[in-house]
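This report describes the fold, the surface and the confidence of one protein model. Please consult the sequence and the structure alongside the text.

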Amino acid sequence: MAITPDGDHPEGLNRVFNNLVAQPSDEQIASFQTILEGLAGGTVQEATLTTATTLTNE
């Protein structure tokens, strides 16, 4: 997630979170954005959601 620039971070902040929720709902994503904005004191500019699948050869 990219958080808007501010005086302390003129280029903004980029954060990566792993293993949060499998198949999050739109409401869960919006809630997470609100939490991050509160913690960072800025607004979320961009978020990329990625799903990974682990394959094993048994």
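Which residues make a nonpolar surface patch of about 270 Å²? The patch is made by Phe17, Leu20 and Val21. Patches consist of residues with over 30% relative accessible area and no salt bridge, with like charges joined within 9 Å and nonpolar side chains (Val, Leu, Ile, Met, Phe, Trp, Tyr) within 5 Å. A salt bridge is a side-chain nitrogen of Lys or Arg within 4 Å of a carboxyl oxygen of Asp or Glu.

The model is predicted: local features need pLDDT of at least 70, side-chain atom pairs count only at pLDDT 80 or more, and totals for chains, interfaces and linings use all residues. Residues are numbered from 1 along each chain as its sequence is written, and side-chain values use heavy atoms, with hydrogens and water left out.

**Confidence**

The mean pLDDT (the predictor's confidence in each residue, from 0 to 100) of the protein is 79, and 88% of the residues score at least 70. Among the elements, strand S1 (residues 2-3) has the lowest mean, 66, whereas H1 has the highest, 86.

**Fold**

One helix and three strands form the elements of the protein, in the order β-β-α-β from the N terminus. Helices (H or I, at least four residues) and strands (E, at least two) are DSSP runs, numbered from the N terminus. Helix H1 has 15 residues and spans 21 Å from its first C-alpha to its last, close to the 21 Å expected at 1.5 Å a residue; the expected span is 1.5 Å times one less than the number of residues. Just after H1, Gly41 adopts a positive phi of about 70°.

Of the contacts with a separation of 6 or more, 50% are accounted for by residues 24 or more positions apart; a contact means heavy atoms within 4.5 Å.

**Surface and exposed residues**

The accessible surface comes to about 5100 Å², and carbon and sulfur atoms hold 48% of it. Areas come from the Shrake-Rupley method with a 1.4 Å probe; for residues, only the protein chains shown count as cover. Buried residues make up 14% of the 58 residues, where buried means under 20% relative accessible area, exposed over 50%, and partly exposed in between (1.4 Å probe, protein chains only).

Leu20, one of the patch residues, is found in the loop between strand S2 (13-14) and helix H1 (26-40). Leu20 counts as exposed because its relative accessible area is 52%. Asn19 also has its place in the loop between S2 and H1, and its 82% relative accessibility makes Asn19 exposed.

Thr48 lies in the segment after strand S3 (44-46) and is exposed because its relative accessibility is 61%. Ala52 is likewise in the segment after S3, and at 73% relative accessibility Ala52 is exposed.

The table gives C-alpha to C-alpha distances for pairs that include these residues.

| Pair | Apart in sequence | Apart in space, C-alpha to C-alpha |
|---|---|---|
| Thr48 and Val16 | 32 residues | 9.4 Å |
| Ala52 and Ala22 | 30 residues | 9.7 Å |
| Asn19 and Ala52 | 33 residues | 9.7 Å |
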